[in-house]
Every structure is written in C-alpha cells, then in structure tokens.
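Here's a quick look at a ligand site and some ring contacts. Have the viewer open while you read.

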Amino acid sequence: MLTDRIKQKFLSEFHKEPEFIVRSPGRVNLIGEHTDYNEGFVLPAAIDKSIYLGFSRNQDNVCRVCSLDFAETDQFYLDQLAPRMGGWLNFIMGVADQFQKRGMELGGFDCVFGGDIPIGAGLSSSAALENGVGMGLARLFGHAVNKATLIQISQKAEHEFAGVQCGIMDMFASMMGKKDLAIRLDCRSMEHAYFPLNLGSYQFLLLDTKVTHSLGDSEYNNRKEECEIGIAYLQQRFPSVKSLRDVTVPMLQGAIGEISPTVWNRCSYVVEENERLLKACDCLENADLAGFGDLMYGSHNGLRQKYEVSCPELDFLVDFTLDRVDVLGARMMGGGFGGCTINLIATESVDNFVKKAQKAYLNQMGRQLSAYTVNISNGTEIVEKAMN
Ligand code: GLA
C-alpha cells in the first residue's frame, strides 16, 4: 500500500507520523486537446493512478519535502520563495507561494510524497502534485479554500514556478474527478457536466511511448502564442471574437491567405476540435462507441497535421491500430511530443493487442512500450486523517 510506504518514510525521515494523507490522481483526456487555453471544451477524467502525500506541521520554520520516487529530500523557506532551474520542488514551492500571495499564512511543515502516476507520460503528475499540496496546506494551516480556488492555485503555480502556460484541464480533472464519470468542462464558463462511461465490452487503454520531448514546454507556449496571433487578426474583422471559442469555420475560411498558413492551421484545428468534442458527447449519450472512436482518430489527425504536436512514436502507435477491428479509436493525449496514446479497445483483445504493439514498437522505434489500463476515479481527497 502506498499510504503505508508514505507513513514508513515519514517515520524514518521526520521521526513522527503524518497528521493526515492526501491522495491526488492523474488524469486522462478522452477528446478535446489544446482547447482549454482557447476557452474551449475538454473531456477529461481522473484515474486510479495517484500521488499520496503525508503532511505534518513543524516548529522549525522550514518546509522539508521528501520524494519517495526520486529518493530525495529537499527544503525551502517561506520567505525565500523563487523558482529553481527545474525539479519537483518547484511544484510545491509554487503552491506555497500562491497561498501566501492570497494572504493565507503558512508555517513550517514536513511532507513525504510518492505514487504510481508514470512521470512524463502526459498523465498530469505535476497537476496531481500541485492539487495534493494545495489540499494539504489548506488543511494543515486551517484555511477554508474551496476546490475552485485550489484549482486556480495549482494552475498559477505551474505558470509561475514551472514556466508552462498551461490551461486549466489537468488540475480541474484531478481535483473534480468522480468515479466512472468523464467531465465535460467548458473552459470559458467553467460549467461542467459529468458523463457516464457506458463502455460495455470496450475500455480505454493507454500506450506509453516513453518519449519526453525536451521541446515540449517551449512548443506548448509557442502554440498558445500562435493561437493568440490568430485571434488578434480575427478580432479586427469580427469585433465580437474574444477567443477561438467564438470563431466559426466560415469566419476562418475568409481568413485564408490573410494570416500565415501555420497560424491558420492552428486556429482551424481548435475550432474543429471543439466541434468534435460536442459530437463525441452525443456519441457517449447514444452509446455510439464506433462514432466516438472515429472522432478520436479525427482529433489525432488534426493534432498531427494542423496543430503539429505529435511525434513519430505517437503516430506509429495510432497508425498501428488503423486496420484492427477491435480498436474503435486512438489518439495522442495531452500536450504532445511524447507521452501516451489513448485507445478505445475491446476488453477481450487487450492482452493480444499489447503484445503485438510492443513487438512492433520495439522493431520500428527501438523502444520498450508500456501499457496501462486505467479506471476512472474520484478527485483529490484526504484519505487518512488524524494519525496522531
Ligand atoms: C497539457 C496542459 C493542458 C492542456 C493539454 C493539451 O496537458 O497542461 O492544460 O492544454 O496539454 O490539451
């Protein structure tokens, strides 16, 4: 049990028991990629791969944090918070910084965290960590912070301490997840609705390319800027346009040749992806899994050709499914340039499919492939209380 490992490490590292343990999950996204920072729709869900964090106050005015998975302990002072060159402590300091900036006083604390979310696989381990730290600090120091604020705190921490101008999807899904339900989130109004996943004899399966592209973060920020260039142009012609959410296909058609082909493609992808997502929700409601799968392929093609955030490994894994009748849909998931594909596959085929995909991937790409079956779970929560 991961909670037992956290408690043992807490004892050996800090010579006491944690006051409580928080569980904070990673996420999948079924469809709706790179739409969140364009005020569009996303369809994520929290998963049963999580980070567990034990917390306790200390009297030493220092914040000591131990990562089980990195086998490292590090520390920081609350009056000297500044981003460092990379590293996991940034996510924790970034959250502490947001509490203080919002006038919520903190004190010294000890924390041990670890989990089973594959790191760098596009399953939002960093959002899970930030959410877990936020919920932990709120409880530890008696601040009544609602989930919406904790989500904002996590996003700001990522912007300011990790340097990624991410949207709201990852932290929202990790915090607000509900067992067996996907969340359709309108990233403009923050309105959200839960969708039952009646997959029958099918399931979602993740294939991990084991590729983490070093350009991922900078390319992510570039995409955001390219969308902003597109919006600035469209606003001149259509003053009511506030974001790509307000843009329609005919509006974009009128802009062909007026904006660079690259910017046009980025905008066109986002407009189409929002449409695909709404259709995908209809498919879920009508139990049309084949229709849902087709939309997943459409999403991947757009991400590959128009948004250009895929990579050869992701494309290989999606293409590998194309002539298999037991896979209804596949697409890259998350920011791109590596990480996982998400596949909608017949449950009875999973073992056979994974073996074949692993063999082909090793032959063609020279890399080992990992596969994860995930269950849809609840969001960030306190799982063990008052241990001393
Ligand atoms: C990353 C970001 C999210 C979202 C996705 C792409 O996961 O953190 O905000 O933009 O990429 O959909």
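For sorting residues, Ala, Val, Leu, Ile, Met, Phe, Trp, Tyr, Cys and Pro count as nonpolar, Asp, Glu, Lys and Arg as charged, and the others, Gly among them, as polar. On that scheme, the shell around the ligand splits into four nonpolar, four polar and four charged residues.

A word on the model: it's predicted, so local features need pLDDT of at least 70 and side-chain atom pairs count only at pLDDT 80 or more, while totals for chains, interfaces and linings use all residues. Residues are numbered from 1 along each chain as its sequence is written, and side-chain values use heavy atoms, with hydrogens and water left out.

**The ligand site**

Around the ligand you'll find Arg27, Glu33, His34, Asp36, Tyr37, Cys166, Gly167, Met169, Asp170, Tyr220, Gly334 and Gly335; a residue makes this list if one of its heavy atoms lies within 4 Å of the ligand. Some of the polar contacts (pairs of N or O atoms within 3.5 Å) are tabulated here.

| Residue | Part of the residue | Distance to a ligand oxygen |
|---|---|---|
| Glu33 | side chain | 2.7 Å |
| Asp36 | side chain | 2.5 Å |
| Gly167 | backbone | 2.9 Å |

The ligand has 310 Å² of accessible area on its own, and the protein covers 92% of that (Shrake-Rupley method, 1.4 Å probe).

**Rings**

Over to the aromatics: the structure holds twelve aromatic pairs. Rings of Phe, Tyr and Trp (its six-membered ring) pair if their centres lie within 6.5 Å; planes under 30 degrees apart are stacked, over 60 edge-to-face, and the rest tilted.

Phe10 and Phe14 are edge-to-face, because their planes sit at 65°, with the centres 5.1 Å apart. The two are about one helical turn apart because they're four residues apart in helix 1 (residues 2–14); helices here are DSSP runs (H or I, at least four residues), and strands are too (E, at least two). Both are buried (under 20% relative accessible area, 1.4 Å probe, protein chains only): Phe10 at 0% and Phe14 at 10%.

Phe109 and Phe141 are another edge-to-face pair, 6.5 Å centre to centre with 70° between the planes. Phe109 is in strand 6 (residues 109–115) and Phe141 in the loop between helix 3 (125–140) and helix 4 (147–162), so the pair ties together parts 32 residues apart in sequence.

Which residue lies over the face of Phe20? That's Arg139, at 5.3 Å from the ring centre. A charge counts as over a ring if NZ of Lys or CZ of Arg is within 6 Å of the ring centre and within 35 degrees of the ring normal. Lys178 does likewise over Tyr194, at 4.5 Å from the ring centre.

Definitions and conventions
Polar contact = N/O pair within 3.5 Å; in protein donor to acceptor, adjacent residues only side chain to side chain. Buried < 20%, exposed > 50% of the residue type's maximum accessible area, 1.4 Å probe, protein only.
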